Amino acid sequence: MASLSLTTSVNLNFRSHRHSPPSILTSQRNNLRSTSSYSHKPSSLTLKFPLHNSPIQNPKFIVKSSAAVVPAQAPAPAPEPWHGAAIKPLLASIATGVILWFVPVPSGVSRNAWQLLSIFLATIVGIITQPLPLGAVALMGLGACVLTKTLTFAAAFSAFGDPIPWLIALAFFFARGFIKTGLGNRIAYQFVKLFGSSSLGLGYSLVFSEALLAPAIPSVSARAGGIFLPLVKSLCVACGSNVGDGTEHKLGSWLMLTCFQTSVISSSMFLTAMAANPLSANLTFNTIQQTIGWTDWAVAAIVPGIVSLIVVPLVLYLIYPPSVKSSPDAPKLAQEKLEKMGPMTKNEIIMGATLLLTVGLWIFGGMLGVDAVTAAILGLSVLLITGVVTWKECLAESVAWDTLTWFAALIAMAGYLNKYGLISWFSQTVVKFVGGLGLQWQASFGILVLLYFYSHYFFASGAAHIGAMFTAFLSVASALGTPPLFGAMVLAFLSNLMGGLTHYGIGSAPVFYGANYVPLGKWWGYGFIISVVNIIIWLGVGGVWWKFIGLW
């Protein structure tokens with residue numbers, strides 16, 4: 001005897017034999033009743049009956065405790081999952097904008113400037129909480145600007161003609177060719193062969209390589225995106241650290257964040273390491289009639305810069321460590337991989353030659369009248385013509401187009417905050433506040449430095465921040481007793497370092513963030529921690545060094 005225990009009801013399928021008359025179903029059911037023993041419980045029915053010689057096959061009816069026979073019903077379809085925005089983050093973003101919109105406009109601020117600030121901050125909250133992808137959030141922010149007539153359509157989308165977002169997008173296309181041809185892996189294996197016995201050693205080799213190139217390539221976007229992003233991505237892949245499969249923390253997360261944070265340090269070390277640095281020098285001369293030459297800048301920045309380049313990777317290694325810290329067999333494995341790859345292929349040679357051409361134009365393009373983005377377009381054209389990279393592959397680089405969208409949107413909104421006078425109002429308010437405290441110049445300058453530094457959350461460009469606030473803050477610092485050249489150089493150095501706060505604050509930020517190895521919350525959180533580390537080093541170690549060389 002076989003037994004079958006059922007709860008409340010059971011599916012038993014009945015079907016007559018192919019040659020049995022229809023009436024057999026009735027006799028089968030009667031037979032079941034007569035040969036089965038059953039007992040009722042509050043919520044179950046137990047049946048025992050012989051199955052081995054039974055003509056019962058394939059259940060078609062449901063037997064319930066009431067002995068009624070009813071047709072089976074199909075299960076209800078599962079509800080379709082929601083594919084739209086995350087509701088709570090979306091509401092938080094909208095609430096931020098709506099609340100600020102209805103706050104009384106401060107004296108000295110235009111209504112348009114206040115409305116744009118409301119939309120800008122709502123967009124920033126949306127970018128942080130991500131109810132939708134970043135590009136979608138930014139596009140909605142631009143749409144709100146146009147819908148409320150805060151900006152015209154041409155003004156809202158004006159930054160799509162800015163070269164920096166395009167340079168960043170082009171960097172992703174270069175990275176595609178770098179990895180596709182295998183050149184990235186070849187160079188990555190060479191690095192692993194030389195420095196790969198430890199993750200920290202590998203990181204330092206990249207950090208100081210980038211610093212050596214910094215004075216020769218005046219675009220941090222080009223340096224980070226065109227050279228180091230492809231290399232770092234190739235290193236991560238070669239070490240088994242990929243996006244989306246849970247291996248990001250093996251190496252990639254720490255390495256991406258380290259290379260980004262040190263790129264802002266190397267940019268601060270040389271007058272020619274970042275495109276906006278000459279603007280700081282020019283505004284210094286216009287404000288205090290003192291010149292900052294290339295050597296002056298380098299001598300003042302070299303000591304705190306080197307200390308930061310050593311300390312920052314180590315701090316990140318301790319607070320955001322890679323899961324693989326030591327790999328003594330890695331150099332040997334890298335050598336085996338290189339031997340297996342064999343000689344360079346035709347596409348690798350084309351990719352390498354194109355990269356040398358582009359970097360050469362980044363270094364010497366100023367003498368030829370060729371800017372960084374034009375050089376990058378020329379390089380991409382060579383890759384497209386030779387088939388090393390196809391246009392379909394460029395279109396498939398969704399991260400490049402997403403980054404282009406949200407970065408251009410933030411540049412436009414931040415730029416018009418300045419044009420509408422909000423930034424100058426903020427600068428004047430700060431200046432009056434600090435000047436009225438009656439503090440010693442050291443304390444007053446410290447407050448000015450912190451306000452100047454952390455106001456960068458409202459900027460998507462170092463040049464825009466320098467243009468909007470540098471002169472006002474330098475003027476007030478000098479009036480309060482700060483040695484003018486000392487004040488100018490500190491503000492100039494910090495104009496680079498503050499780019500590490502966010503994923504949009506400097507040209508290298510969208511490049512490394514767009515690789516998707518580091519979540520946005522961690523990017524901002526560690527960005528703030530490293531900003532504190534940098535301020536301590538540059539004002540502490542730097543202050544002692546500047547005293548030694550007679551800057552104050």
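## Inside the largest cavity

The lining of the largest cavity splits into 5 nonpolar residues, 1 polar and 1 charged (Ala, Val, Leu, Ile, Met, Phe, Trp, Tyr, Cys and Pro count as nonpolar, Asp, Glu, Lys and Arg as charged, and the others, Gly among them, as polar). This is a predicted model, where local features need pLDDT of at least 70 and side-chain atom pairs count only at pLDDT 80 or more, while totals for chains, interfaces and linings use all residues. Residues are numbered from 1 along each chain as its sequence is written, and side-chain values use heavy atoms, with hydrogens and water left out.

Leu-206, Val-207, Glu-210, Phe-228, Cys-259, Thr-262 and Phe-512 do the lining. Helix H8 (199-213) and helix H10 (252-269) are the elements giving two or more residues, and H8 has the largest share, with 3. Helices here are DSSP runs of H or I with at least four residues, numbered from the N terminus. The volume is about 40 Å³.

## The second cavity

There are 2 cavities of 30 Å³ or more. A cavity is a set of points on a 1 Å grid over the protein atoms alone where a 1.4 Å probe fits but cannot get out, and lining residues have an atom within 4 Å of a point. Grid points are joined across faces, edges and corners, and volume is the space filled by probe spheres set on the points.

Among the lining residues are Gln-261, Phe-453, Ser-531 and Asn-534.

## Salt bridges

The structure holds 4 salt bridges (a side-chain nitrogen of Lys or Arg within 4 Å of a carboxyl oxygen of Asp or Glu). Glu-210, one of the residues lining the largest cavity, pairs with Arg-223, with the closest N and O atoms 2.7 Å apart. That links helix H8 to helix H9 (residues 220-238), 13 residues apart. Both Glu-210 and Arg-223 are buried, meaning under 20% relative accessible area, with exposed over 50% and partly exposed in between (1.4 Å probe, protein chains only).

Another bridge joins Glu-397 and Arg-176, with the closest N and O atoms 2.8 Å apart. Glu-397 sits in the loop between helix H16 (391-395) and helix H17 (398-419) and Arg-176 in helix H6 (residues 163-180), so the pair ties together parts 221 residues apart in sequence. Glu-397 is buried at 12% relative accessible area, whereas Arg-176 is partly exposed at 30%.

Definitions and conventions. On a 1 Å grid over the protein atoms alone, a cavity is a set of points where a 1.4 Å probe fits but cannot get out, and a pocket is an open set with protein on both sides within 12 Å along at least five of seven lines; lining residues have an atom within 4 Å of a point.
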